[in-house]
Amino acid sequence: MQSPQGLNGKVIAVTPWLAPIVWEGTFDSFLIDSIYQQQNITIATTVFALGKYTTFLKAFLESAEQNYFVGFRVHYYLFTDHPEQVPAVKLGEGRQLTVLKVASSNRWQEITLRRMEKLEKLIESRLVNEADYVFSLDVDTKFYGRWGAESLGRLIGVIHPGYYQTSRKRFPYERRPESQAYIPAAEGDYYYGGAVIGGFVKDVYKVAKTCREQLDIDAAKSIEAAWQEESHLNKYFLYNKPSKVLSPEYLWQDFKPNTNEVKIIRFSQVIKNYAAVRPNP
């Protein structure tokens, strides 16, 4: 296992299995966007905004329209228990928003645990016919910089900003062997953030289906992995390597100061009062 952080602020731009790690300076944005625009692709983007998380929708959507796959056909699929709270945001040409009503939950852990199931069913029922790529993104986020076709590939993971500078022994993998998300101490490549999952529709479907099945097995044993779906995602990526890995530029945290490696922040989790937005501690 190697850290994506090199020496003296330099970065490592390839994984041990030779997949690219996308950093600023490793691609020509104009060239790669023009290549993919000729393919007339549709990028589905799923977002979950339940309970008070609807308060993040306006900033998410408005910043996405300014930065996220600008010039591409994008279809947002928004899962929410409060459709009436979805803000009216002006969308660009070729971009649309579909609101999908779901039941409320009294536990934020349950909300995250069911996201894989909702994603799996949406792909089965619609996305296989409506999109070429799909990204599942957290809503309590904001786009600060360009996010384009350099992020496209068969299976996409993002390196968690809290662990890209740390050794594997400090990764918060699920360490209980009785959980389906279990990763032994000597294994693991990176710690991936669950706030971004992407790729071909059929490949993201495999991720969602496998993680949902493993979540159900754990639930039947009354086991909840350390970081819910993120733990299961890390287990999946250990044995099904991403074809491309996004650097922490594509998943930062607003409370973190910039570092030598992160030249640009494209997408970041906003500062929030968890007690105010989550239905339970």
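Leaving aside neighbours within four places in sequence, Asp 138 is in contact with Phe 60, Arg 115, Gly 194, Ala 195, Phe 267 and Gln 269. The model used in these exercises is predicted.

**Exercise 1.** Determine where Asp 138 is placed, and which side chain makes a polar contact with the side chain of Asp 138.

*Solution.* 
1. Asp 138 is situated in the loop that runs between strand E5 (133-137) and strand E6 (141-143).
2. Among the residues in contact with Asp 138 is Arg 115.
3. The side chains of Asp 138 and Arg 115 form a polar contact at 2.7 Å.

**Exercise 2.** Classify Asp 138 and Asp 140 as buried or exposed.

*Solution.* 
1. In an unreviewed entry, UniProt lists Asp 138 and Asp 140 under "binding site".
2. The loop between E5 and E6 also holds Asp 140.
3. A residue counts as buried when its relative accessible area is under 20%.
4. Asp 138 has a relative accessible area of 14% and is therefore buried.
5. Asp 140 has a relative accessible area of 6%, so Asp 140 is buried.

**Exercise 3.** Locate Asn 67, classify it as buried or exposed, and identify the backbone oxygen that lies 3.5 Å from a polar atom of its side chain.

*Solution.* 
1. Asn 67 belongs to helix H2, which covers residues 57-67.
2. Its relative accessibility is 16%, so Asn 67 counts as buried.
3. Outside the four places on either side in sequence, Asn 67 is in contact with Phe 143, Tyr 144, Gly 145, Arg 146 and Trp 147.
4. The backbone oxygen in question is that of Phe 143.

Definitions and conventions. Residues numbered from 1 in each chain as written. Predicted model: local features only at pLDDT ≥ 70, side-chain atom pairs only at ≥ 80, totals over all residues. Heavy atoms only, no water. UniProt positions renumbered as here; feature names shortened; annotations may be inferred. Helix = DSSP H or I, 4+ residues; strand = E, 2+ residues; numbered from the N terminus. Buried < 20%, exposed > 50% of the residue type's maximum accessible area, 1.4 Å probe, protein only. Contact = heavy atoms within 4.5 Å. Polar contact = N/O pair within 3.5 Å; in protein donor to acceptor, adjacent residues only side chain to side chain.
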